[in-house]
Amino acid sequence: MKHLSERVERLAPSGIRRFFDLAGSMEDVISLGVGEPDFVTPWNVREASFAALEQGYTAYSANAGLVELRQEIRLYMQEKFSIDYQVSDEIIVTTGASEGLDLAFRTLINPGDEVIVVEPAFVSYAPLIELAGGIPIAAACRAEDGFTIQPETIEAVITDRTKAIIFCFPSNPTGSVMTRDQLADLALLAKKHDLYVISDEIYAELSYEDEPTCFATLPDMRERTIVINGFSKAFAMTGWRLGFTCAPPAISQAMLKVHQYGMMCAPTLVQFAGIEALRSRHKTVPDMVRSYRQRRNYFVKALNDAGLPTHSPGGAFYAFPYIGGTGLTSEEFAEQLLLAERVAVVPGSVFGASGEGYVRASYASSIEQLQQAIHRINRFMQHLNQKQAELSNPSR
């Protein structure tokens, strides 16, 4: 038989999924690896979907999504970020933010184009770039910079084949946040080198201190930026698979062509739930954010006290503790912690080479579960320290 696609055959399976599968085969596991809220989708949002079903809204919507949902997205972007996108030709409702990423890459990339990926990065970025025929080029954030990206780091990897930059702030996996002034430096770089920017803002609602900046609001960036967002994280709707993109007409309508052939439209019942989620967000999202902030404060301090240096994330719901001092690789640490203490975390290496030496631990769990996880992590660290002491003093 003929070979399968070479691009697909070259792709490695998700490193996150391997640990999920391993944890799923074990009992009494506390999972800090899942990148999703532990909240249930608010009742009023679920009810909106039920009502749509009862009223018989089971047909296709427009390819770009229900006009009513796109209007709510427009209002949301106006209120949250003071930026206006037109319902008619600048907003697309997608099947999750992940589809939005895929549309952006397939629309922008020609074979051999390079896309700079700010790392550590969400595991889908590089594979999706490769599937679109592009070449992902890493630009690493550093712990000493609070896992923010420095302009000179990006400029050092720009070539005449560079087409775009992609980043996510607040970040998955580090939880880091870039200030408006820091992002403005990246905007100058994008303009200087005539680059597109894909700004993944899926965690924008989950910011603990300052209001996040929508990259498209920076001077001269609206016309070269694709904003990716969605409902999974802020509205506890991961399983609903609903996202959206905002981009200038020429880019957005090109993305729509890919979307209409590959997906047709997002599920109609889910779109009605999205309308209600946006309309009621002021009643539901703040309580979630307050809870995540409380958990962050506890969890980050507890990890530092356990001997795992951890910076305080400004957003999202991930801690990114440094485990390099244990002498283990991130994969060894994650695997041994899982086997010894039944705590599942994700090796930092799956988020790019710059993630090595760290693990990602989600604090989207109850305080009680986090406390139990910390108890087990402390026990694991004591065991490691004891082993290291015995190795360094063999005569004992």
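Figure 1. A disulfide is a covalent bond between the sulfur atoms of two cysteines. Here a disulfide is defined as a pair of cysteine sulfur atoms within 2.5 Å, and by this rule the count is 0 disulfides. Cys-265 is likewise in no disulfide, since the nearest cysteine sulfur, that of Cys-246, is 18 Å away. Cys-214 counts as buried at 1% relative accessibility, and Cys-265 is buried with a relative accessible area of 10%. Buried means under 20% relative accessible area, exposed means over 50%, and partly exposed covers the range in between (1.4 Å probe, protein chains only).

The structure is a predicted model, in which local features need pLDDT of at least 70 and side-chain atom pairs count only at pLDDT 80 or more, whereas totals for chains, interfaces and linings use all residues. Residues are numbered from 1 along each chain as its sequence is written, and side-chain values use heavy atoms, with hydrogens and water left out.

**Figure 2. The whole protein.** The protein has 13 helices and 12 strands. Helices (H or I, at least four residues) and strands (E, at least two) are DSSP runs, numbered from the N terminus. The C-alpha trace spans about 75 × 55 × 55 Å along its principal axes. For 396 residues, a compact globule would have a radius of gyration near 21 Å, and the value of 21 Å for the protein agrees with this. The radius of gyration is taken over C-alpha atoms, and the globule rule is 2.2 Å times the number of residues to the power 0.38. Of the 396 residues, 54% count as buried. Among contacts with a separation of 6 or more, 76% join residues 24 or more positions apart; a contact means heavy atoms within 4.5 Å.

**Figure 3. The packing of helices H11 and H13.** Two packed helices are described by the angle between their axes and the distance between the axes. Helix H11 (residues 281-305) packs against helix H13 (residues 367-392) at an angle of about 5°, and their axes are 11 Å apart. H11 is therefore roughly parallel to H13. Axes are lines fitted to C-alpha atoms, for helices over the stretch in contact, and angles run from 0 to 180 degrees between N-to-C directions. Angles under 35 degrees count as roughly parallel, over 145 as roughly antiparallel, 65 to 115 as roughly perpendicular, and the rest as oblique. From H11, the residues Arg-295, Tyr-298, Phe-299, Ala-302 and Leu-303 meet Ile-367, Leu-370, Gln-371, Ile-374 and Ile-377 of H13. The residues of this contact divide into 8 nonpolar, 1 polar and 1 charged. In this grouping, Ala, Val, Leu, Ile, Met, Phe, Trp, Tyr, Cys and Pro count as nonpolar, Asp, Glu, Lys and Arg as charged, and the others, Gly among them, as polar.

Figure 4. Most residues other than glycine have a negative phi, and most peptide bonds are trans. The peptide bond from Glu-119 to Pro-120 is cis, with omega near 0°; Pro-120 is placed in the loop between strand S3 (114-119) and helix H6 (125-131). Phe-169 and Pro-170 are also joined by a cis peptide bond, with omega about -5°, and Pro-170 is found in the loop between strand S5 (162-168) and helix H8 (180-192). Arg-241, although not a glycine, has a positive phi of about 55°. Arg-241 belongs to the loop between strand S7 (225-230) and strand S8 (243-246) and is partly exposed, with a relative accessible area of 30%. Arg-342 has a positive phi near 60° and is found in the loop between helix H12 (330-341) and strand S10 (343-344). At 29% relative accessibility, Arg-342 counts as partly exposed.

Figure 5. Thr-213 lies in the loop between strand S6 (196-200) and S7 and is buried, with a relative accessible area of 15%. Leaving aside neighbours within four places in sequence, Thr-213 is in contact with Arg-180, Leu-183, Glu-201 and Leu-218. Pro-151 lies in helix H7 (residues 151-155) and touches Asp-185, Leu-186 and Leu-189, not counting residues up to four places away in sequence. Val-8, in helix H1 (residues 6-10), is partly exposed with a relative accessible area of 46%. The C-alpha atoms of Val-8 and Glu-130 are separated by 8.9 Å, and these residues are 122 residues apart along the chain.
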